[in-house]
Amino acid sequence: MKHGLGIKIIIDGDCEAPLVLLDRYISFFGEVDPVKGIVKPENIHIGGKALVFKGSRGSTVGSYIIYALKHYGHRPACFIVKEAEPILISGCVLADIPLFIARDYDYLVQLVSSIRNGVVRHVRGEEYVEIKEL
Amino acid sequence: MYLTREQEKILNGEYGWAVAKALELIVKVGEYLGADKLVPIIHAHVSGISYKNIGEPGLLFIKELFRGGGIARVYTTINPGCVDLMGSSRIISNELLGKQILVNEYLEKMNMKPTYTCIPYLHRPPAPLERLAWGESNAVIIANSFYGAMTNREGGPIALAAALTGYIYHAGLQVMDNRVVEKEIVLDQSIGEELYGALGLWIGENITGIPLIRKHRLSLYDAKIVLAASAASGSHGLIVLEGVTPQNTYRISDKVEKISVDVKDLKEYRGTPPSVGEEVLFYIGCPHLHPSEFMFIHKYLEKHEHMNKYDFLLTIPRIYAEIFSREIEVLRRKGVDIAIGTCPVVSVLSKKYDKVVTNSGKAAFYFKKIHGIEPYITSLKKIVEMIIG
């Protein structure tokens, strides 16, 4: 089954990738290992994934960490967040990662939690993402 | 967001990859913050260049900007790195020297001035209402509050992008309608120099928005300490100082809420004096010492034959290595540890301490947070007196 979900585009781009949910704020500096492409302490690999999370916090070095994910070959396919801020936006510009704000983040979290292997699809210019179960 | 034809050309890559990426960064962040246009800046100050903080990812990006043809299009100064540029400090470690020098070389090749200081107004004091794009929160708040210039608190990548493009987004403190005082901090008149660092920390933690301080005329040296601390423990970019902040660079709301602070509120921020047996570092130079402060310390210590055998660290801008070489030599011979173009906030320490005694609330905040060292805040003069004994 497919679900269409409204988004606000911050950085546009095509995206088709498996969904990963981390329903919290992430400090990229300190919590993300760009060489391995994982988020700590969960040790979840985010390279090539569509990552759903609340947003970012912490040091402005976070932008460089996001850039480093791309450099080390672990660029996420896109980020879908509850709220953005300059450190996250800067990092996504540097690393060419599409960044979207979910219009109904809580519903998105509920949906992603209820399916096992979700995939997200977004086509440049469209104000929504499609979510389906594999 | 409205873009000029020239800005469109930059974005489309007609002037190369680096400047296109840099402008995209400013446009995207600006759009998010609700900016209607970009505005030209006169001076960029690039923070986030300490290798200890940015590590390999930051070095990689700066290198890529340089290789992509990046060049500063406006006057650009650089924040302190993580090593003593004269290599003689025994307190600040030089273990990351090679990497920091690489960062510095790329920045300098991109036409940025090798200032390595967090007080860029030393090199070019801004004029009222001049537009700047400065990283480094202590410099930002001095630019807005003391000089009446206009800058937001930019993160490292944005300040770098502003240097390469010469533009910044028209939002936040770049817009006069956002420079409006809504609170007044009523200071107990007995709050003096020894408490300025603690006062700044209290403001940062307890006051949001843009406050005004009346009837407590602060010199640049005092303002530096109060404002740096409030920008470290809070997110302040402008605190209006009556009789100091140039008029017409801010407005006062019709409704101003008054909040009082007295000496007892500051006690917990000040910390406790060192006890016998504790390993103590005495530290002055956060923000970097102004020439008058440096000369004051020199004059005071020069005439004293004997000093207590404490570890005493001063951190100063790179340019002092040239203009104060004799004074630096005199102080070093007396056992003062002088580190140039760096500071303990962005570097690794070679020695372990139980306590740091400093005049800086900002240093106190970061010593505890980064190095796990308990601070005690007092005045610059008191620290010098303790050193002399």
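Student: How many bridges join E6(B) to strand E7 of chain B, and do the two run parallel or antiparallel?

Tutor: A word on conventions comes before the answer. This is a predicted model, in which local features need pLDDT of at least 70 and side-chain atom pairs count only at pLDDT 80 or more, while totals for chains, interfaces and linings use all residues. Residues are numbered from 1 along each chain as its sequence is written, chains are lettered from A and ligands numbered from 1 in the order in which they are written, and side-chain values use heavy atoms, with hydrogens and water left out. Helices (H or I, at least four residues) and strands (E, at least two) are DSSP runs, numbered from the N terminus. Two strands pair if DSSP finds at least two bridges between them. Here E6(B) and strand E7 (residues 211-213) of chain B are joined by three bridges and run parallel. Within this pair, Ile185(B) stands opposite Ile213(B) in E7(B).

Student: How many salt bridges does the structure hold over all chains?

Tutor: A salt bridge is a side-chain nitrogen of Lys or Arg within 4 Å of a carboxyl oxygen of Asp or Glu. Over all chains there are 27. One of them joins the side chains of Arg251(B) and Asp177(B), at 2.7 Å from N to O. Arg251(B) is in strand E9 of chain B and Asp177(B) in the loop between strand E5 (167-169) and E6 of chain B, so this pair ties together parts that are 74 residues apart in sequence.

Student: How exposed are the two partners, Arg251(B) and Asp177(B)?

Tutor: Relative accessible area is sorted into classes: buried means under 20%, exposed over 50%, and partly exposed in between (1.4 Å probe, protein chains only). Arg251(B) is partly exposed at 41%, whereas Asp177(B) is exposed at 53%.

Student: Which parts of the chain does the salt bridge between Arg270(B) and Glu194(B) link?

Tutor: The side chains of Arg270(B) and Glu194(B) meet at 3.3 Å, N to O. Arg270(B) is in helix H9 (residues 263-270) of chain B, and Glu194(B) is in the loop between E6 and helix H7 (196-206) of chain B; these distant parts lie 76 residues apart. Arg270(B) is buried, with a relative accessible area of 17%, and Glu194(B) is partly exposed at 29%.

Student: Where do Glu329(B) and Arg333(B) lie, and how many residues apart are they?

Tutor: Glu329(B) and Arg333(B) form a salt bridge whose closest N and O atoms are 3.7 Å apart. Both belong to helix H12 (residues 325-333) of chain B; because they are four residues apart there, about one helical turn separates them. Glu329(B) is partly exposed at 37% relative accessible area, and Arg333(B) is exposed at 65%. Salt bridges may also share partners: Lys2(A), Glu16(A), Arg121(A) and Glu130(A) are joined in this way into one network.

Student: Is His298(B) buried or exposed?

Tutor: His298(B), in helix H10 (residues 291-302) of chain B, is buried, with 3% relative accessibility. Contact means heavy atoms within 4.5 Å. Apart from its neighbours within four places in sequence, His298(B) is in contact with Arg326(B), Glu327(B), Val330(B) and Leu331(B).

Student: What is the secondary structure of chain A?

Tutor: Chain A has four helices and 10 strands. From the N terminus, its elements run β-β-α-β-β-β-β-α-β-α-β-α-β-β. Of its 134 residues, 56% count as buried. Among contacts in chain A between residues at least 6 apart in sequence, 72% join residues at least 24 apart.
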